[in-house]
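Good morning, and thank you for coming.

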Amino acid sequence: MRITDIQRCEVRPGRLVEWTLSPATVEAATALPDDSRPPAYIQESHIRTAKCVRDDGLFVPTWLGTAFDLPGPVDLDVLQEALRAWTVRHETLRSGFRWAGGTGDELRRFTLDAADVTLRREVVGDFPDPGRLVRHLQDRFDSVADALRWPNLIYTAVLRDDGASVYMAFDHSNVDAYSVHRIAAEIHELYTAGATGTAPEIPAPVASYVDFCEIERADADRLDGGHDIVTRWREFIRRCGGTLPGFPVDLGLDPDGPLPQQQMLCEPLADADDAAAFEAYCRPYGGSMVGLLAATGLIVHELGGQPVYRTVVPFHTRVKSRWSDSVGWYVGGAPIEVPVSRTRGFPETVRAVRAELHANRPLARMPLARVLALLGTDFRPTSPDLYSIVSYLDARTITGAERWAEQRAHALLRVSYGDQVCVWVNRLHEGLWLASRYPDTDIAAKNMRLYVERLRDRIASVAHGRLPAVS
């Protein structure tokens, strides 16, 4: 599934229909007592950051979504039931947060029973112009899938004689990239079952992210400021100059200026054969993710001159199989430091990255927001991203991946404002696909273009045997 934005996912004209949680569902939620299960630290940090940035006068949409096609003609009643059944299957989608006392400092959860969740369908109208349709969808997703409101999800379908394109958007607090990649297959299965009168072959019940939040937070709250994990993060941040690391190349940012708008870059990195050869080369030292980070460290050293490549590597926190089918935000981060000025070429850098990941990956299981609170440092967020990332996902084993091309399936990112660089690389059946959002400056555009071109060249060099083997 290619990661992209809604402008680049080939939206076609048609009649737009949308679904939101019904007024009866919203009314039922207002009367609910508090759910004792707290927000995850990553959820709370996300919501507080959104509030902080909004209080500074800037609206920064950060939703995630998905797009995929259904064959037609599409039965809207069957599709609506598929969407409703999928929503109630994943408890986090019927759970939200409110401030204690309305405007207090504490976030408290509420959770609807599955029986209280219904959808409202509205036929919005015909959109013969795809550009106008894209603008409408983005505006609707911005206003509904917002961290500071509830409900914060919306489903739409663009109907044509030969089928429909489904577009779904969620506030990030409910989903991560892995969750988004799974949606097309689940909705397809539910829709097909409803249309044919057969039972969907999906195991139930699905483990709840809300339960995970409670378990993870209880573990995190056992930490104190003297814990080894906190100490290691403290030293890492100190070596980063007292902050979390950005992308170590010139981005043309004005440190006293407003939060810049961002641009997006999406394109293939390698075909299937080169992706397989790159993986084979890197496999003894952890696989493509290790190779990707090693290549990035060397390239940003060439472009920016920093002697040590410091970054926070995202890892999933689905450490038990019970969470594998669950929709939620299962992501943590581990710090790594690679002395790229002292490593002799790619093979030695791969070994250095592997050692860092082996030593530090356990730190990703502890929420960074909890660590930052224990450090007692003022990390008042001024941007939706605390740090820059380079992320890797082998998406080929995700359910339904073999049909993504046929279904025109995409994972959607909202690109709006931010001063960090986020890079996502997916391994697909077709090869490696890169998506990145970065500050919209001429200097950042130039350096990101150089980064991607050199990354593509490094991968090709490895794949075609133009580098020595890792020993």
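I begin with helix 11, which covers residues 368-375; its residues Leu368, Arg370, Val371, Leu372 and Leu375 are buried. Please keep in mind that this is a predicted model. What lies over those buried residues? The cover of the buried residues of helix 11 includes helix 2 (41-55), helix 6 (209-220) and helix 7 (228-239). Just after helix 11 comes Gly376, with a positive phi of about 70 degrees.

**Helix 6**

Let us turn to helix 6. Helix 6 consists of 12 residues, and from its first C-alpha to its last it reaches 16 Å, close to the 16 Å expected at 1.5 Å a residue. Its buried residues are Tyr209, Val210, Phe212, Cys213, Glu216, Arg217 and Ala220. Viewed down the axis of helix 6, these buried residues fall within an arc of 150 degrees, so they line one face of the helix.

At the start of helix 6, a side-chain oxygen of Ser208 comes to within 3.0 Å of the backbone nitrogen of Val210.

Next, consider strand 8, residues 163-170. How many of its residues are buried? Eight of its eight residues are buried, and the strand is mostly covered. Both of its faces are covered: on one side Gly163, Ser165, Tyr167 and Ala169 are buried, and on the other Ala164, Val166, Met168 and Phe170 are buried.

Which way does strand 3 run relative to strand 8, parallel or antiparallel? Strand 3 (residues 64-71) and strand 8 run antiparallel and are joined by eight bridges. Within strand 8, Val166 stands opposite Phe68. Strand 7 (residues 153-160) also pairs with strand 8 in the antiparallel sense, over eight bridges. Here Leu153 has Phe170 of strand 8 as its bridge partner. A hairpin of two residues links strand 7 to strand 8.

**Some backbone details**

Most residues other than glycine have a negative phi, and most peptide bonds are trans. With that in mind, I draw your attention to several places. A cis peptide bond, with omega about 0 degrees, joins Gly72 and Pro73; Pro73 sits in the loop between strand 3 and helix 3 (76-89). Another cis peptide bond joins Trp150 and Pro151, again with omega about 0 degrees. Pro151 belongs to the loop between helix 4 (130-144) and strand 7.

Glu10 has a positive phi, near 60 degrees, and is found in the loop between strand 1 and strand 2 (14-21). For Arg408, phi is positive too, near 50 degrees. Arg408 lies in the loop between helix 12 (404-407) and strand 13 (410-413), and at 27% relative accessibility it counts as partly exposed.

**The chain as a whole**

Finally, let us step back. The chain has 13 helices and 15 strands. Its radius of gyration is 22 Å, close to the 23 Å that the globule rule gives for 471 residues, so the chain is as compact as a globular protein of that length. Along its principal axes, the C-alpha trace spans about 60 × 50 × 45 Å. Of the 471 residues, 57% count as buried.

Methods:
Residues numbered from 1 in each chain as written. Predicted model: local features only at pLDDT ≥ 70, side-chain atom pairs only at ≥ 80, totals over all residues. Heavy atoms only, no water. Buried < 20%, exposed > 50% of the residue type's maximum accessible area, 1.4 Å probe, protein only. Helix = DSSP H or I, 4+ residues; strand = E, 2+ residues; numbered from the N terminus. Pairing = 2+ DSSP bridges. Contact = heavy atoms within 4.5 Å. Expected span 1.5 Å × (residues − 1). Arc of directions from axis to C-beta. Polar contact = N/O pair within 3.5 Å; in protein donor to acceptor, adjacent residues only side chain to side chain. Rg over C-alpha atoms; globule rule 2.2 N^0.38 Å.
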